[in-house]
Amino acid sequence: MKNNNSKILEVCLSSDNLRVLQHNLPVICLNGVQRIELCANMAEGGTTPSTRAIALAAELMSSNTELLVMIRPTARSFVVDSSTLKLMLNDIDTAAAHGATGVVFGALTKSGEVDLRVLEALVQRAKQFNLKCTFHRAFDAIDNQFSALDTLLSLQVDRVLSSGTPWQSGLTATAGIKRLQALLAHANGRLEMVVGGGVTPQNAIPIWQTLTQINSRFSLHSYGGVHTAQGQVSISAIKAMLDATH
């Protein structure tokens with residue numbers, strides 16, 4: 001379900017507790033969230049969810065909600081070796097077979113640039129299943145992000161997740177707003193920038209207002225900002241963030 005101005009809210013859900021996930025999914029879908037990113041081990045920054053969790057999400061989601069599955073076997077590093085790549089390719093197969101509409105992944109070289117070899121393989125496998133491809137926040141660990149955007153465009157990546165601030169800096173998307181504006185201008189609508197990192201009902205409105213001034217495609221991504229301390233999704237927080245899009 002898209003809002004009147006076509007802005008999109010993407011919510012990250014933990015797959016670790018299937019009972020909580022089963023509660024959260026209908027709440028998400030009934031309250032207008034357009035995309036879900038499903039991850040395990042959020043305390044480590046997110047890894048590949050179980051097959052059971054993917055199947056459960058696909059079963060309970062509404063037909064107009066996208067299901068994005070994190071493809072990240074380990075949170076140790078953004079560098080992907082051959083054995084890890086094989087796992088990631090198999091995980092893409094599994095995600096597609098169990099109802100995913102998109103996948104989220106990333107890979108960097110040891111020097112901190114986009115790993116072309118790995119990304120080509122991942123994107124090619126995902127596109128075989130018509131899955132949308134999001135490059136995750138490994139992007140924020142890249143020094144030359146403008147060059148990286150061009151590389152990701154050439155690889156046919158659909159979306160890039162970024163806070164506009166350096167990876168592990170502890171800063172939120174609010175602090176990265178100028179960088180996000182520059183990235184949006186550089187992307188120029190050729191791919192979608194997914195703005196995440198400390199996005200809450202309180203800062204969603206100024207982020208929307210600032211970034212909508214640029215004629216480019218972007219969405220908001222939130223995890224902690226829409227969850228209670230018990231891990232359940234907050235309906236009031238979702239509604240507040242969606243109201244910010246009008």
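**Reading helix pairs and loop residues**

A: Roughly parallel is an angle under 35 degrees, roughly antiparallel is over 145, roughly perpendicular is 65 to 115, and the rest is oblique. This is a predicted model, where local features need pLDDT of at least 70 and side-chain atom pairs count only at pLDDT 80 or more, while totals for chains, interfaces and linings use all residues. Residues are numbered from 1 along each chain as its sequence is written, and side-chain values use heavy atoms, with hydrogens and water left out.

Q: At what angle do α7 and α8 pack, and how far apart are their axes?

A: First, the terms. Helices are DSSP runs of H or I with at least four residues, strands are runs of E with at least two, and numbering starts at the N terminus. An axis is a line fitted to C-alpha atoms, for helices over the stretch in contact, and angles run from 0 to 180 degrees between N-to-C directions. Now the case. α7 covers residues 201-211 and packs on α8 at about 10°, with the axes 8 Å apart.

Q: Which residues make the contact of α7 with α8?

A: Contact means heavy atoms within 4.5 Å. α7 brings Pro201, Ala204 and Trp208, and α8 brings Ala237, Ala240 and Met241. By class, that gives 6 nonpolar, no polar and no charged residues. Nonpolar here covers Ala, Val, Leu, Ile, Met, Phe, Trp, Tyr, Cys and Pro; charged covers Asp, Glu, Lys and Arg; the others, Gly among them, are polar.

Q: How do α3 and α4 cross?

A: Helix α3 spans residues 82-97, and its axis comes within 9 Å of that of α4, at roughly 15°. These two helices are therefore roughly parallel. Their crossing is right-handed. On the α3 side sit Ser82, Leu85, Met88, Leu89, Ile92 and Asp93, which meet Arg117, Val118, Ala121, Leu122, Arg125 and Ala126 of α4. This contact divides into 8 nonpolar, 1 polar and 3 charged residues.

Q: What angle do α1 and α2 make?

A: About 20°, between α1 (residues 18-30) and α2 (residues 51-60), with axes 10 Å apart. That makes α1 roughly parallel to α2. Leu18, Leu21, Gln22 and Leu25 of α1 meet Arg52, Ala53, Leu56, Ala57 and Leu60 of α2. The classes are 7 nonpolar, 1 polar and 1 charged.

Q: Now the loops. Is Asp140 buried or exposed?

A: Buried means under 20% relative accessible area, exposed means over 50%, and partly exposed lies in between, using a 1.4 Å probe and protein chains only. Asp140 has 5%, so it is buried. Asp140 lies in the loop between β5 (132-135) and α5 (145-154).

Q: Which side chain does the side chain of Asp140 reach in a polar contact?

A: A polar contact is a pair of N or O atoms within 3.5 Å; within protein, one must be able to donate a hydrogen and the other to accept it, and residues adjacent in sequence count only if both atoms are side-chain atoms. The partner of Asp140 is the side chain of Gln145, at 3.4 Å. Leaving out residues up to four places away in sequence, Asp140 touches several residues, including Ser162, Gly164 and Trp167.

Q: Where is Asp115?

A: In the loop between β4 (102-105) and α4 (116-128). Asp115 is buried, at 10%. Its side chain reaches the backbone nitrogen of Arg117 at 3.2 Å.

Q: What does the side chain of Ser234 reach at 3.1 Å?

A: The backbone nitrogen of Ala237. A further polar contact, of 3.0 Å, joins the side chains of Ser234 and Ser236. Ser234 is in the loop between β8 (218-222) and α8 (235-243). With 16% relative accessibility, Ser234 is buried.

Q: What is the phi of Gln168?

A: The general idea: most residues other than glycine have a negative phi. Gln168 has a positive phi of about 65°, although it is not a glycine. Its loop runs between β6 (159-162) and α6 (177-187). Gln168 is exposed, at 70%. Asn188, in the loop between α6 and β7 (192-196), has a positive phi near 55°. Asn188 is exposed too, at 54%.

Definitions and conventions:
A crossing is left-handed if the near helix is turned anticlockwise from the far one by less than a right angle, and right-handed if clockwise.
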